[in-house]
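Here are a few notes to read beside the model, written for someone new to looking at structures. Take them one at a time and find each residue as you go.

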Amino acid sequence: MTPVFENANKVFELLATLVRRPRKGELPAELADRNGIPVVCLVGDDLAELTHGIKASLGEATPHRIPHEFISMSAIRDEVAQESDPLPAEWQPVEVYRRALVALAQEFSSVRNGRDERVRFRRFGLVNWLLESDYPAREPDPQQDRELLRRLREREFQRRRLFGVLRSPDTEVSMQGSVPWWVLVLGLHLFPLAWFRAWRGVGAEYRWLVRQPYMAPRDPGTFAGFAMRLTRPRRGRENPEQVGKLMINAFLEDLRVAYRRRFRRRRAARRTAYCVAFLTDVNDTNHGTALIRSLVDVRNETGVFDPLAVFCTGTGLGGELLGHELRGQGPLSEDLYGIWRHHFEAAGRSRSAGVWYLPVDVPAPLAPDAPTYQQQKNRVELVRQLTVDPPPGWARRRVTALAGVVAVALLAGGFAQAFDPGPALKWRELHCGLSRSDPDAATLERRSTGECVGVAPNGYAFGSKDPALKETLSTIARQNREADKIHRAFGERPVVTLVHLSALLSSSGQPPSSLTYVREALQGAASAQRRQLDKRGATDPVLRIFPASAGSGMRFGADVARTVERMMRSDPSIVGVTGLDQSRTATIRTIEELTRIGLPMVATSLSADTLDDHSPMYYQVSPQNRRQATVAAAYAAHLAAEKSIPQRSVRIVYSADRTDEYSENLRADAATSFDSIGFTVEQQGYKPSPASSTPSGYPGPRTVGEQLCGYDGLVFFTGRPEDFETLLAGVNAACGSSPPVLLGGDDVARMAADPVRRTAYPKVPFEFLDFTLGSTSCTAKSDLYSTLRKLFPTECEQLANTSLDGHASLAFDAVNLYLKAVGQLQDAASRLPLSSLTVWHSLSSIHGTAALDGESGRIDFGGVVDRQIPLDKIISVQRVDGVKRPAQVGFCGRWGTLSQSAWCPPPEKRGGTE
């Protein structure tokens, strides 16, 4: 029950002030607003509810209970009085002291206080054991001191597990006959004896006992002699008051040592609250007042701070409290501790015992119908929940354990490096030549193909020699660090991390120009990241991009997905994947693995029809091959109508690689689309290079190119750009002056992005399909290119030769699709935590008026729950003629207010209403 009386909150505020340990320093000389801990005496007629309330507050404190014990002095006095062998009257107060201190020690060392708050009472334990000892006998015996030391030795052995195991009967029996006799004698007898003799000289409790100020410990000059003076048969000759103060000082010294801050003793720094002793029924009859007076005398006589807060209640505490004149008492409505501290400081070195007391007059409890009852109750409820500081970061158990692990690891690593450098070299070789200290090393691996695959958030270039790609990756790494810095400064801005997964980030024997499309996609993602970091909204997410490489052909994509899974365990901000390259069997395995770990995907340039069938978490910003084939057929019909091709026929050139899902799927879709408009369809497979799964009997792409000479229809190429380049070489060599009409699929745009490869055969013009409007300018009114001009000015300086093709736009839009999903999620459910699953759910709502007006066209998922492909996505026809940049011939799809070409197929059907 909550105690309710006038200014009851002041009592709990005083309690909080006394038990909270300052974070730095605690001695009066170290703190300006503290001057020790007084003995608080609660004076009043009805203190039951207040006592119960204080006990509840101490037990329910956060983040952990405060060590405390409530002791009834009358109950202890009754136990002493009922002993069968009553003590002399002058020794009864000492026994009351001892039992009260034992009860406090048992509680303060209890497991209920947690590992960090338990106190070890070595000094008090030793004094208490001696006071309880009934040896030596009263008759004189020259061997008495030896017998007492033997018993002390047995006590030490029982307290230590090692000696308990060595001296157990089972150990002795098992060792006999199995070890030499001298080992048995040394281990079971001589070593324990030598250890105890040494411990008596260096053990903290033994050294303290003969140096403390009470009972003249140097008489008779040995530890054994002083110890015998404390035993029951001998202590009757001593001064009871001195014995009582010795016990109290031993108890307080154990508390002082437990709370003494040392860097090597981090447990002491983890103690953030002082222990509380609450004595009830204190009066002269039960020796409670004598105990408190002795405690205050010890404080005055030793002059040492002790971390113990003492509260007391009892009858007859008014007037001259505990035999001393009251000082420091003020109204309950004022700052009680401040008033007491003022009087305490004024007393100076001449202070009497009375200045240690802080009496508190407790008014009578208020009746529930009193006018101020509810107001006083509310005030108490606000302050009765005690909160203590958490331990400092450097002293926390996890940090200590981590520091120990790191130290051991460093030592072990140093020795391993010094004496066996082989494992370190193997580790570097496995992790792409990076040392263990490199932040990217743990998430990268070198595979048997020589490629470096994995995730590199900190700028590793995957072994590429392309300076432009290195600069791009370094820019993303720098922006990642900036994102972390922003989040630390503005914690309310959540971190969103996307993994940009590419098929190939290392040239691995190929010229750096072969990575142009990869670099431009990363530059698009970096531009979206830059724009997001520049926002200043209070809850605008900060974006990180983690570049990743799955190796050529996406062959290691599933392994990289598992690496991302491991990273998610320590970094829940990873909510999705962008990128993904080449619609191959390995790409499908990657999609399935990412689905297993619960990560949504937004592919940038994948277009195979069946990819979305493998995962409900898969989305893409590009159209499917089905639509691409329909647009290609419509454009071919337009060419036939304008007599640009003499015959309504098409030869579909495709890769015979069984794992190339893209080429096979686009071939089948193209055959269906061209046949539906009355074209004569021929199909010609070729053997790609390299391709291990290609059946024999197919010619190479160069031979196929030579065989195209003289063909009067349209040649539609559905393979990969490196093979299209080889095919152009064959056409150029055989009939460069009169080449056939060539139309490439969207993958040819990768080759067209590279000015060197694109203009290698200027005599052979060709056209290709692109998923954007094609080439643009850094000076265009565009979110992407205005940002790219600032991030990568060199790219714009090369504008005369570079194409700035659609890969940057597609990657830019893929990232912004995630950011739009996050924004919608924050608007709809601001308290819902950002995660991969909540972001995936929000992606499906991007349609209609909520569609994304992207750089690559409008991205609208059509309003159908399970639709993962955008409706009427832009597909343009780009023409390469000579050394000029690609020029747009026409486009199909929705792009702002622009109208698509007249020859385009009808728009795709929507699955709902806008």
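1. Residues are numbered from 1 along each chain as its sequence is written, and side-chain values use heavy atoms, with hydrogens and water left out.

2. Start with confidence: pLDDT is the predictor's confidence in each residue, from 0 to 100. The chain averages 84, and 86% of the residues score at least 70. Over residues 322-328 pLDDT stays under 50, and over residues 800-804 it is also below 50. Where pLDDT is low, the predicted coordinates should not be read in detail.

3. Now look inside. A nonpolar core is a set of buried Ala, Val, Leu, Ile, Met, Phe, Trp, Tyr and Cys residues joined through side-chain atoms within 4.5 Å; buried means under 20% relative accessible area, exposed over 50%, and partly exposed in between (1.4 Å probe, protein chains only). The largest core has 103 residues, and I54, F251, L308 and V360 have the most contacts inside it. Helix α13 (residues 240-259) gives the largest share, ten residues. A second, separate core of 78 residues includes V650 and F716.

4. Helices (H or I, at least four residues) and strands (E, at least two) are DSSP runs, numbered from the N terminus.

5. How many disulfides does a search of the whole structure find? There are three, a disulfide being a pair of cysteine sulfur atoms within 2.5 Å. C432 and C452 form one, with sulfur atoms 1.7 Å apart, and both cysteines are buried. Another joins C709 to C735; its torsion about the S-S bond is about -85°, so it is left-handed. C892 and C904 also pair, with their sulfur atoms 2.0 Å apart.

6. Finally, please look at C41 and C312. Their sulfur atoms are 3.1 Å apart, too far for a bond. C41 is buried, with a relative accessible area of 0%, and C312 is buried with a value of 0%.

Key: This is a predicted model: local features need pLDDT of at least 70, side-chain atom pairs count only at pLDDT 80 or more; totals for chains, interfaces and linings use all residues. Contact means heavy atoms within 4.5 Å.
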